[in-house]
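This briefing is for a reader who has not seen this structure before. Please look through the sequence and the model shown below before reading the points.

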Amino acid sequence: MPEHRLDERSVLGRALLILEAFGVEDQAVGLSELARRTELPKATVHRMCRDLVTARLLSSSPEGYRLGRGLFELGMRAATERTLLEVAVPFLQDLFARTRETVHFGVRDGDEVVYISKIGGHRQARAPSRIGGRMPLYCTAIGKALLAHSGPETIDRILAGPLTRRTPRTVVAPGLLRAQLSQIVETGLAYEHEESALGIVCVAAPVLSADEQPLAAISVTGPVTRFHPEAHTAPVRAAATGIASILARRAANPNG
């Protein structure tokens, strides 16, 4: 299927260029820097930013521009993710209370997993994940749990590469990855051993629909020095099953 992209010469295309120019660590970004990142004329960026501030998608300060609260409010109206979170949060909180380790909840978007919830305490592992962040499907426990149930065409395309080696332990051999995905389907569990970032290990389970489609996945992550993912398989699988059960009942009786 061909990839369709917005025309960056259109008003909407330019607005998205500006919004997507903000990085995770950015506190405020000045006008000149936004023009450099977007490769748009400075006058165009200034005009677009003024409109985005009016729409509350950006906020302005003496230090520069920041992403606005309106973006957060729009994001929380996304029906599918909102429903998933409404059902999942009690299970995520319970899983954190049981394990005292970092709990992630993610969904598939294209060839990546998007994290829509993360709960961690003072002992949480130094993982690169963040709410709203993305990671490749093939090198994370949540990603592999989602990929294993995504259908043969998707699996074949992703395994055909490129598979970037993010750490020395990233599995980039298509045959080995395919064997892992088959094992995930059989056991209902996916693992990561320092494949997306050094120092962390994870165990994940998919949240499946009644027809075995992957809706989301849930994981527990900890530092390799003390965390044993095999010891947490039962609560992770139980949380995924509980979320799936409630979602299935809602789908069967949407007005109930």
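The model is predicted. Two pairs of packed helices are described, α1 with α3 and α6 with α8.

**Helices α1 and α3**

- Two packed helices are described by the angle between their axes and the distance between the axes.
- Helix α1 spans residues 11–19 and helix α3 spans residues 42–54; their axes lie 10 Å apart, at an angle of about 85°.
- An angle of 65 to 115 degrees counts as roughly perpendicular, so α1 and α3 are roughly perpendicular to each other.
- On the α1 side, the contact involves Val-11, Arg-14, Ala-15, Ile-18 and Leu-19.
- On the α3 side, Thr-44, Val-45, Arg-47, Met-48, Cys-49 and Leu-52 take part.
- Sorted by class, this contact of α1 with α3 has eight nonpolar residues, one polar residue and two charged residues.

**Helices α6 and α8**

- Helix α6 (residues 141–148) packs against helix α8 (residues 174–187) at an angle of about 80°, and the axes are 9 Å apart.
- The angle therefore makes α6 roughly perpendicular to α8.
- From α6, the contact is made by Lys-144, Ala-145, Leu-147 and Ala-148.
- From α8, Leu-177, Gln-180, Leu-181, Ile-184 and Val-185 make the contact.
- The contact of α6 with α8 divides into seven nonpolar residues, one polar and one charged.

**Cysteines**

- A disulfide is a covalent bond between the sulfur atoms of two cysteines.

- The side chain of Thr-221 is joined to that of His-104 by a polar contact of 3.3 Å.

- With a relative accessibility of 29%, His-193 counts as partly exposed.
- Leaving aside residues up to four places away in sequence, His-193 touches Arg-169, Ile-200, Val-201, Pro-229 and Glu-230.
- His-193 and Val-224 are 31 residues apart along the chain, and their C-alpha atoms are separated by 8.0 Å.

How values were computed
Residues are numbered from 1 along each chain as its sequence is written. This is a predicted model: local features need pLDDT of at least 70, side-chain atom pairs count only at pLDDT 80 or more; totals for chains, interfaces and linings use all residues. Side-chain values use heavy atoms; hydrogens and water are left out. Axes are lines fitted to C-alpha atoms, for helices over the stretch in contact, and angles run from 0 to 180 degrees between N-to-C directions. Helices (H or I, at least four residues) and strands (E, at least two) are DSSP runs, numbered from the N terminus. Angles under 35 degrees count as roughly parallel, over 145 as roughly antiparallel, 65 to 115 as roughly perpendicular and the rest as oblique. Contact means heavy atoms within 4.5 Å. Ala, Val, Leu, Ile, Met, Phe, Trp, Tyr, Cys and Pro count as nonpolar, Asp, Glu, Lys and Arg as charged, and the others, Gly among them, as polar. A polar contact is a pair of N or O atoms within 3.5 Å; within protein, one must be able to donate a hydrogen and the other to accept it, and residues adjacent in sequence count only if both atoms are side-chain atoms. Buried means under 20% relative accessible area, exposed over 50%, partly exposed in between (1.4 Å probe, protein chains only).
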